[in-house]
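Try each task before you read its solution.

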Amino acid sequence: MKNQYFKGLKCTHCNKEYGPDADLLLCPECEHLLDPFYDYEALKRDWKKLDIKSRPNDIWRYKELMPVVDFDKIVTLGEGGVPILDCPEIAKELGVKEFYIMCDYMLPSGSLKDRTIAITATKAKEFGYDVLSCDSSGNKAASVATYAARAGIKSVVFVPDTTPAAKVAQSLFHNATLVKVKADLSTLSEMYRSVIRSKKYRWYDCGIDNPYRYEGKKTYAYEIIDRLNGRAPDYILQPASLGMSIVKAWKGFREARELGMYDGEFPKMVCCQSDKVGPIVSAINSGADHVTPSKRVPTVASALAVADPVLNGEETLKAVRESGGTGIHTDDETLLHYWKKLAGIGIFCEPSSAIGVASAYKMAKDGKLRESDVMVAIVTGSGFKDIGRVEENVSMPEKSVEDLNQLYAYIEETDVG
């Protein structure tokens, strides 16, 4: 079955358009980002009869708004439709009306990347590729390996040699060819893009230049509106590396309002980054027109540590400012504090993923929130992704009990005895 609503790609810089069958990365004319576009008039006309809510609760519920030509080629593991948890205890501490956590760490491979890699795996099938490829801090690599396995094709992934072992093992377990590079993520990305641009290998690139991939993140908007019964929140708090989750969620909210999914105000997009590697937030807060690469230094927010977000950073600046949003830096100590706080309410995520919640507390401390505000923080990666960090922050029992008497004695020394 064909998608009659997806019409092609349009350059964000020179406005040149390409058809829906275009196998492209950047615009051939000016080497800027390409953005999928749709027949919105036809979608508005047909929206009610599409009966979206009768479909399975995954990203493909909204398939007409995805850049897919042939619905029969869709590659899926049921990604999307994650819990969006009401957290009244956090709302009370922040002094806001409602606070929700969107649990993207519960996606099939354990991170937000599945929303996008499901799209690229599908496009690889449409274009007839046999290999998916990417550069990654770890989560995207695991997702690429997972979805390549689902699609019945090969994968090759490139990661820094500092990538948490769990992410490496997950990729390898799905039979990826994995290349560890002794470099930071930005340097690795430059190397990887050089390989892709050489066209020496026929790989389908799931990296930062792919124009189709990020459309999967528009589903943040659609799912949040559904969960809030036709409302948009006041703030979306999004962990950011390149920032494209913000760009596409913002696009999703604009599409959703045009299609009548909600009729209130747009949400404000909050870009959340580490103070050690946070060039987009630095540009937002300084009023700069462009993103200047930051220094490349270690941070516990390793999944977000992109020193140079290249063209993607400019699009993120635009989205944040159009929405009336802001940027928040968080230091490692504060991030670890709120990571542990989330564990205390049952949220098991990697440290980077807690940065949206940490940013909400910073906004409250700075007096930026109102009692009427509704906020949604995206939690993006499972704690199993960085299990070594978890092990560093717990005390393992030093000995085992040997009989019932010892068992009772041990329990009496704890706070549950």
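Two strands count as paired if DSSP finds at least two bridges between them. Helices (H or I, at least four residues) and strands (E, at least two) are DSSP runs, numbered from the N terminus. Residue numbers start from 1 along each chain as its sequence is written. Keep in mind that this is a predicted model, where local features need pLDDT of at least 70, side-chain atom pairs count only at pLDDT 80 or more, and totals for chains, interfaces and linings use all residues, while side-chain values use heavy atoms, leaving out hydrogens and water.

**Exercise 1.** Work out how β7 pairs with β6 and with β8.

*Solution.* Start with β6 (residues 131-135): it pairs with β7 in the parallel sense over five bridges. One spot to check is S133, whose bridge partner in β7 is V156. Next, β7 and β8 (residues 177-181) run parallel too, joined by five bridges. Here V159 sits opposite K180 in β8. To get from β7 to β8, the chain goes through α5 (residues 165-173) in a right-handed crossover (clockwise from the first strand over the helix to the second, with the strands pointing away from the viewer).

**Exercise 2.** Is α8 mostly buried or exposed?

*Solution.* Buried means under 20% relative accessible area, exposed over 50%, partly exposed in between (1.4 Å probe, protein chains only). Now count: 12 of the 15 residues of α8 are buried, so the rest of the structure largely encloses the helix. Among the buried ones are W250 and F253.
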